[in-house]
Amino acid sequence: MRNPPQRYRLITKNLSISGPLNEDSIQFLHDDGCRKIVTISGGFVNPEVVPRLKNHKMELTHFPVDALAPPALLESQIAGVLDKVANLMKRESSVHLVCGPEMIEAALIVGIIRRSQCEWSLSGALSEALEICRFVDTHVVTSVVANTEISRWK
């Protein structure tokens, strides 16, 4: 059975996000054409899922992102994720970003991608980012999405 991961959302034609993966969701992502998995923070892939990823020849990269880290460290962590995701997207790879259940870190990344690559207005990007994280840590999400210099990822 192919079930999407929890809180799955298609962001662009080659970028999707979700909460933690399970064995069934790997088949869903593979069938959808995804071969690159990027995990951040609470999106660690559990040991039961790793063999499924390997069997489907899916690449897995993990980035630590702590939404409550000091601003300079958080900015650096987000830049690392965005560099990886933007590079994969430029190569037209299908990328899936996995986050913890609250989706705060994914909201940050999506908000910045919407502003930089999709050329959305700040209000549109913030609206989606806050919806993704269900308005948890709104101050952090708003501050990061509004204040991150986006020219690097255009």
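Let us start with strand E3, which is covered on both faces: Lys36, Val38 and Ile40 on one side, and Ile37 and Thr39 on the other, are all buried. The strand spans residues 36–40, and five of its five residues are buried. Buried here means under 20% relative accessible area, with exposed meaning over 50% and partly exposed the range in between, using a 1.4 Å probe and protein chains only. The names come from DSSP runs numbered from the N terminus, where helices are H or I runs of at least four residues and strands are E runs of at least two.

A word on the origin of the values. This is a predicted model, in which local features need pLDDT of at least 70 and side-chain atom pairs count only at pLDDT 80 or more, while totals for chains, interfaces and linings use all residues. Residues are numbered from 1 along each chain as its sequence is written, and side-chain values use heavy atoms, with hydrogens and water left out.

Now to the partners of E3. In general, strands of a sheet pair through backbone hydrogen bonds, either parallel or antiparallel. Two strands are taken as paired if DSSP finds at least two bridges between them. E3 pairs with strand E4, residues 59–63, in the parallel sense over five bridges. Within that pairing, Phe63 of E4 is the bridge partner of Ile40.

Opposite Val38 stands Leu97 of E5, and opposite Thr39 stands Val98. E5 itself has Val95 and Leu97 pointing one way and His96 and Val98 the other, and all are buried. E5 pairs with E2 as well, in the parallel sense and over four bridges. There, Leu97 is the bridge partner of Ile17.

Thr12 lies in E1 and stands opposite Leu15 in E2. Thr12 has a relative accessible area of 16% and is therefore buried. Leaving aside residues up to four places away in sequence, Thr12 touches Met89, Arg114 and Cys118; contact means heavy atoms within 4.5 Å.

I turn next to the helices. Axes are lines fitted to C-alpha atoms, for helices over the stretch in contact, and angles run from 0 to 180 degrees between N-to-C directions.

The axes of helix H4, residues 104–116, and H5, residues 122–132, come within 8 Å and cross at roughly 160°. H4 and H5 are therefore roughly antiparallel. Angles over 145 degrees count as roughly antiparallel, under 35 as roughly parallel, 65 to 115 as roughly perpendicular and the rest as oblique. The crossing of H4 and H5 is right-handed; a crossing is right-handed if the near helix is turned clockwise from the far one by less than a right angle, and left-handed if anticlockwise. Among the H4 residues that meet H5 are Ala107, Val110 and Gly111.

H4 and helix H6, residues 138–147, have axes that come within 9 Å and cross at roughly 25°. That makes H4 roughly parallel to H6, and this crossing is right-handed.

Finally, which residues join helix H3, residues 71–90, to H4? The two axes come within 11 Å and cross at roughly 65°, in a right-handed crossing. The contact is made by Leu74, Ile78, Val81, Leu82 and Val85 of H3 and by Leu108, Ile109, Ile112 and Ile113 of H4.
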